[in-house]
Amino acid sequence: MKIIVQKFGGTSVATPATREKVVGKVQEAIAHGYAPIVVVSAMGRRGDPFATDTMIDMLKSVNPNPAPHELDLLMACGEIISSTVMAATLQERGLKAKALTGGQAGMITDDEYGNAKIRTVEPDNLLELVEQGIIPVVCGFQGVTADHKNVTTLGRGGSDTSAAAFGVAVHADKVEIYTDVDGVMTADPRIVKNAHIIKQISYDEIREMAHQGAKVIHPRAVEIVMRYGVPMVVKSTFSEAPGTLISKEDQPKEMEETDSLEEKHACGVASKNNIAFFSVNLDSSDGADLFDTLAKNGVSIGTMSLQPHSLMFAVYSAAADDAEKVLKAENCQYTKVENCAKVTVVGSHMGGVPGIMARFINALAKSGIEILQTTDSDNLISAIVREEQVKEAVNALHAAFQQ
């Protein structure tokens, strides 16, 4: 029996019309010989009556600082509403379906409310329903503690994470992530007008894209399927586009129309805003000790470069004040640049390829973009730039690497 896990986001289940699209995707999977397990997010987005953010706003209007137990219990309600409505929709169309909470589907977590980690998935209930020809419609984003006494939520991207974990647990042939875009794109289409769909991408590449700001899928979900080699497809509920296949790097790739016969090292460009940049004079302090002190004070460092007499690093703007307090307490001489962004070219085996870094630097320089700091690895090259120039930077890099 071939099992497929199909996850549908909030926009896909928000209205009767969009739920009809979901029914069509489920029926299509069945027609291709799959037994589907459906995972759903809460309906819609903030402002919609059953969206998670709407319910959080309601609870915080009563108490601005609700207890984590109550907050998680409320946040889980959106997916429960969504799963029951979607199951009823499938039933009305003549399909056997049953709604399940995350706990009923076997999602067991630790007890960290709001950002629970998955301990295990007990798939017996899911597999029993599938064997009976019943489509489980499972609440994403949620689970239960090991003693089954408390409901937990998985944090940002939790429904993607749920789908990945269920897919691994039932040995699914693949996991499909349905959203409102046609697949993973070479850049944010709101920034780059000629961005295009990537037909196939490796686990490592999409994980880096997600970590560097691409919002189409959460890196936590990718890491789960990557660990067990389960293929994942990101595609649209609202079109017939084939989407983007996420798979092992050594799996043969379908050639893109724009590809040359030589290996194409870069797959996409991503960006993150709300960055603060620090340059520290180390004449009177030790860089390693300073990193240790920053870490002990809860400051997470992003890009960094350490030289004999200077240290450069970036943090999210929310952590900038804490970083500055540490630097002042250590009597460091430093400069701080606020309102920065990080732009990143992601690819495979870029490290050591002659001309890759030169192409990156030249693309930004020709567009008059000031580079505050660069960092690179085998799979990416990043630069810290001023936030006011981030759109120009993304477009320049996309043009340079997507020719």
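## Salt bridges

The count comes to 16 salt bridges, each being a side-chain nitrogen of Lys or Arg within 4 Å of a carboxyl oxygen of Asp or Glu. This is a predicted model: local features need pLDDT of at least 70, side-chain atom pairs count only at pLDDT 80 or more, and totals for chains, interfaces and linings use all residues. Residues are numbered from 1 along each chain as its sequence is written, and side-chain values use heavy atoms, with hydrogens and water left out.

Side chains of opposite charge can pair when their charged atoms come close.

## A buried pair

Lysine 7 bridges to aspartate 160. Their closest N and O atoms are 2.9 Å apart. Lysine 7 sits in strand 1 (residues 2-8) and aspartate 160 in helix 5 (residues 158-169), so the contact ties together parts that are 153 residues apart in sequence. Helices (H or I, at least four residues) and strands (E, at least two) are DSSP runs, numbered from the N terminus.

Both lysine 7 and aspartate 160 are buried. Buried means under 20% relative accessible area, exposed over 50%, and partly exposed in between (1.4 Å probe, protein chains only).

Arginine 386 and glutamate 370 form a salt bridge at 2.9 Å, N to O. Arginine 386 lies in strand 18 (residues 380-386), while glutamate 370 lies in the loop between helix 10 (356-366) and strand 17 (373-376), so the pair ties together parts 16 residues apart in sequence. Arginine 386 is partly exposed, at 28% relative accessibility. Glutamate 370 is partly exposed too, at 38%.

Aspartate 188 and arginine 190 also meet in a salt bridge, at 2.8 Å from N to O. Aspartate 188 is partly exposed, with a relative accessible area of 25%. Arginine 190 is exposed, at 71%.

## A network

Salt bridges also link Glu20, Glu92 and Arg93 in a network.

Strands of a sheet pair through backbone hydrogen bonds, either parallel or antiparallel. Here, 6 strands make an open sheet in the order 14-15-13-16-18-17, with antiparallel pairing. Two strands pair if DSSP finds at least two bridges between them. Strand 14 (304-307) and strand 17 are the edge strands, each pairing on one side only. Neighbouring strands are turned by 30° against each other on average, direction ignored. The axes are lines fitted to C-alpha atoms, for helices over the stretch in contact, and angles run from 0 to 180 degrees between N-to-C directions.

Strand 13 (residues 266-281) and strand 16 (residues 333-347) run antiparallel, joined by 12 bridges. Glycine 268 stands opposite valine 346 in strand 16.
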